[in-house]
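Here is a short tour for your next look at this protein. Please keep in mind that the model is predicted.

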Amino acid sequence: MSPKAEISRPSQPASPSPTEARSTQSLPFSFARDHQVARDGDTLIVGPRASVLGLREARRRAGRTLAISHLGQDAFERALERLYQSQGAAAAPDDGLSFDLEEGSAGARQRDLLEDAEDAPVIQLVNQLLRRAVLSRASDLHLEPSETGLRVRMRIDGFLQTIMERDDVPVRRVVSRLKVMAGLDIAETRLPQDGRIPLRLGGRLIDTRVSSLPGNYGERIVLRILDRSTGLMELDALGLTADQVALLERLSALPNGIILATGPTGSGKTTTLYSLLKLTNHDDRNIVTVEDPVEYDLPGVNQSQVNSEIGMTFAAGLRATLRQDPDVILVGEIRDTETASVAAQAALTGHLVFSSLHANSSIGAIVRLRDLGLDDFLISATLRGVIAQRLLRRLCSECSEPAAPSQAEAAHFIRHHMDVPESIHAPKGCAACNSSGYAGRVGIFEMTEVDDAMRTAIDGGASEIELTRLGLSEEQTLIGQALFQVASGKTSLAEALRVVGDGA
């Protein structure tokens, strides 16, 4: 990208504002990235491929000598993101439109969300919404045409928040812009379409999945935002207890069998499965995945994308991976009898299979496998463990208020044979948490290991209630884990009951 427009000397007003004064000293993001130079106060950060032009321009803008800090490529990209992300977030009000993206084509270079640009208002509006969603760490961005205009919402910590609702927005042009960026057919407005928009934020790859759906007042667009740099996480960073980490480490070291993650959409199943893959990712093991979509790039892992339109289903992809000499296989989801059967056969032939399944609990996954047509003896012979999980909103550390539990609140703990805490915390709301009372999320996990006793019970056709009594204690269930988080002050009782309920 040519930086000629970026490095031209700006005109000097009589009395420059602090923002204008700062912009004459700092380097535009695209110039800093391309020439591997960035200014951090009195220090000039230099990457491994810094250019002479970049060094000269940085010194010219500074007007004085700066200390030089040489960084490797990864460290330079992290520093670049830190410097320019904070500036971009602070300088971008709701109606500030300050960056652009490439059109959605296979050969287009990915533009960065921190780049500056001057373009048409519709393009700037779309890009501003995307950048705000990414900087807010939203998981989804919804653009919803209505009779009166356009409503835009983003999902943060599992809850949708309205960020714009206006009647003066050219809705069709906004939708068309997103469809062009995602490589969709803008002339087709009667059928749903799916596409993707590759973005970058300070050098960090952001993959955006785009879905359009026709409606009464125009096409509704939902974007799923995936930060592909955060795919692999340590198990203890997921919110697991030490005993749960030890169990997963033991399961991932097995030579064969099926390990399942269950839970509703958005509960973090894929993140857990990727973290399990990290435990098994060794040079002496061949790991193959079949996913829909491929959400994160995993170094050292061979990943495949499902495409049902051409016959590349989960079952077909799983069969193909068996001819690739795999040691470990990840199947994005078991959703039909064929995929379940092939996964069981793969486990029987000496492969370790990770997958997700829609079920309400870890024991419920066993019942779901039966419903998909697997025989009890096949389930008992191949299933090694099941993880059921949910995400609870974490209380804001700045404003949560402790109080002694009421009689009704204490009854939840007593019902599940748990000690009643002296105090539990409730949300209040402050500026730090945007008056919601919550900031971030914490995971809760219910894990069932299929040991010899469970295997015998499954083979004998035991019911879900019988298997639950055999495999889980009260504190190991989802509600037990949720109440434990309430007692420790990490979340509120109302949030725990909202997510997992009280099934007693």
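- Strands β4 (residues 140–146) and β5 (residues 149–156) run antiparallel and are joined by 7 bridges.
- Both belong to an open sheet of 6 strands, ordered β6-β5-β4-β9-β8-β7 with antiparallel pairing.
- The edges are β6 (159–166) and β7 (193–201); each has a single partner strand, so one side of each has no neighbour in the sheet.
- On average, and ignoring direction, neighbouring strands of this sheet are turned by 20° against each other.

**Helices on the sheet**
- Helix α5 (residues 121–135) lies across β4, β5, β6, β7, β8 and β9, and runs at about 140° to β4.
- Helix α6 (residues 171–181) also packs on the sheet, where it touches β4, β5, β7 and β9. The direction of α6 makes about 45° with that of β9.

**Helix α3**
- In α3 (residues 52–62), the buried residues are Gly-54, Glu-57, Ala-58, Arg-61 and Ala-62.
- Viewed down the axis of α3, these buried residues fall within an arc of 130°, so they line one face of the helix.
- Val-52 and Arg-56, on the other side of α3, are exposed.

**An annotated stretch**
- An unreviewed UniProt entry annotates residues 322–336 as "domain: Bacterial type II secretion system protein E".
- Over residues 322–336 the chain is 0% helix and 27% strand, with the end C-alpha atoms 18 Å apart.

Notes
Residues numbered from 1 in each chain as written. Predicted model: local features only at pLDDT ≥ 70, side-chain atom pairs only at ≥ 80, totals over all residues. Heavy atoms only, no water. UniProt positions renumbered as here; feature names shortened; annotations may be inferred. Helix = DSSP H or I, 4+ residues; strand = E, 2+ residues; numbered from the N terminus. Buried < 20%, exposed > 50% of the residue type's maximum accessible area, 1.4 Å probe, protein only. Arc of directions from axis to C-beta. Pairing = 2+ DSSP bridges. Axes fitted to C-alpha atoms, helices over the stretch in contact; angles between N-to-C directions. Contact = heavy atoms within 4.5 Å.
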